[in-house]
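Below is a short report on one protein chain.

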Amino acid sequence: MGLSVFNTLSRSVEPFVPLDPEGEKVGLYCCGPTVHDFAHIGNFRTFVFADIVRRYLDFKGFKVRHVMNITDVEDKIIRRVNESNKSLKEYTSKYEEAFFNDLEALGCLMPDDRPHATKFIGPIIELIKKLEERGIAYRTNDGSVYFSIENYRKGGNCYGQLLNLNLDEMRPGERVSSDEYEKESIADFALWKSRVTEDGEVFWNSPWGEGRPGWHIECSAMSMELLGPSFDLHLGGEDLVFPHHEDEIAQSEGACLQCDGQKFVKYWMHGSHLLVEGKKMSKSLGNFFTLRDLLAKGFAGREVRYLMISAHYRETFNFTLDNLGGAKTALGRIDECTSKLRELSAGKIASPDNDSKLVTGFIKAMDDDLNVSAAWAAVFDWVRNTNRQLAAEGIDNNTAAIELANWDQINKVLGIQIAEQKPPSEILALAEERQAARKNKDFARSDQIRDELSAKGWTIEDTPKGPRVKRA
Ligand SMILES: [Zn+2]
């Protein structure tokens, strides 16, 4: 049995078959962050989910091209840029850098392409021109360009593929210019927004005059430019289903670039919301966390990652600080078991046993629409059995090496055991200097070096085998 996934388009679990006739290449696009502030842990649930999808496809032998865009121009950003008196680039680059640091701390693999909307203005304009030629986009008096849902539908297209919309209640001619709007206000949406005073210096020239793109068209242009007019997987949080993803389909299929009978995207996958302490996250409730808030409380990135992938991606998940503590304990059990195996394997390298209970149990669970709960059950059964065997009769080094290889293979998908980072040479040099100072009983200098290391994010642990430098 192969992988099946829940496709929002059909509202059902379908076998995953890539568009590539060879069945190898997979194009995956996930809507990335809008870099107007630090991303919160609700945002990161989506990105960790995308990371698991990408890693599992890798594991299954597909050749994945993972694209995640950076939205660096849209309504919210422009508002913030105005308040900050900074240039668009200056303002967004700070949050973009923070975002990638957080992504790394959460053990996510870097997407292969990380396109910026502001670098794709050319393809965005071309796409709008195509919609205009096809009579689906129209200009308004102020120099903006809107998408006409009525003309799109007249052409035989369906608006409302991802969710059922009551289009009869739609009032023709009504328009919405903001990037985010509610289901109740289904209306023609902006593709190009003409320059207004509040936009300041954020504008580009276009056939319709100075202005900037709408948010939805950015993703259509970037995804099709990099993955082609039809690609396999489009991911995002469920809050993006409407209007963002519905509009992406309308723009991309409205431009009619796909081959006959093909859709813009074959499988749409959406991750559910994250509640924090049982409630929707909000600054006023005090349950609003960015990743850095949690790291400052002493939690580790991999603990947050573990908790985010402990529940199925389509389940609303209640994230609490209590169960983040539980994540530490659970990871500790896995670490203890694998470090015993590592010790016993004594450096011996073995190939994984793909018929083992751990590997087959894991694959069976993940093939079923990424059923992580069942996958974790297979992992913890394995931990329990291995511990029992270790305590009873012991494990020889060959078996230990195979068990470890099985685990390493699975961890390539779960990504919760990150290989320890080797300290850079300047850090090692400081550690050696500290050793020398201690030998000379120069404890003041030794303490000073310890502080210096800690300021650089490293700690030193004195073990019976000598000092060990590790990430703080
Ligand atoms: Zn998007």
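Set aside neighbours within four places in sequence, and Phe-231 is in contact with Gly-27, Tyr-29, Ser-223 and Val-265. Contact here means that the C-beta atoms, placed from the backbone, lie within 7 Å. This is a predicted model: local features need pLDDT of at least 70, side-chain atom pairs count only at pLDDT 80 or more, and totals for chains, interfaces and linings use all residues. Residues are numbered from 1 along each chain as its sequence is written.

Phe-231 lies in strand 10 (residues 231–237). Helices (H or I, at least four residues) and strands (E, at least two) are DSSP runs, numbered from the N terminus. Phe-231 counts as buried because it has 25 C-beta neighbours inside 10 Å. The cut-offs are 20 or more other C-beta atoms within 10 Å for buried, 12 or fewer for exposed, and partly exposed in between; C-beta atoms are placed from the backbone. Phe-231 and Lys-129 are 102 residues apart in sequence and 22 Å apart in space, C-alpha to C-alpha.

**Helix 4**

Helix 4 covers residues 121–133. At 1.5 Å a residue, its 13 residues should span 18 Å, and its end C-alpha atoms are 18 Å apart, which agrees. The expected span is 1.5 Å times one less than the number of residues. The buried residues of helix 4 are Ile-124, Ile-125, Leu-127, Ile-128 and Leu-131. Seen down the axis, they fall within an arc of 160°, so they line one face of the helix. That arc is taken over the directions from the helix axis to the C-beta atoms. The face turned away from this buried side carries the exposed residues Gly-122 and Glu-133. Just after helix 4, Gly-135 takes a positive phi of about 75°.

| Element | Residues |
|---|---|
| strand 5 | 137–139 |
| strand 6 | 145–147 |
| strand 8 | 188–194 |
| strand 9 | 211–213 |
| helix 6 | 215–227 |
| helix 7 | 241–254 |

An open sheet of 3 strands has the order 13-12-14, with mixed pairing. Strand 13 (279–280) and strand 14 (317–319) stand at the edges, each with a single partner strand, so one side of each is left without a neighbour in the sheet. Strand 12 (residues 274–276) pairs with strand 13 in the antiparallel sense over 2 bridges. Pairing requires at least two DSSP bridges between two strands. Leu-275 has Lys-280 in strand 13 as its bridge partner.

Conventions. Two residues are in contact if their C-beta atoms, placed from the backbone, lie within 7 Å.
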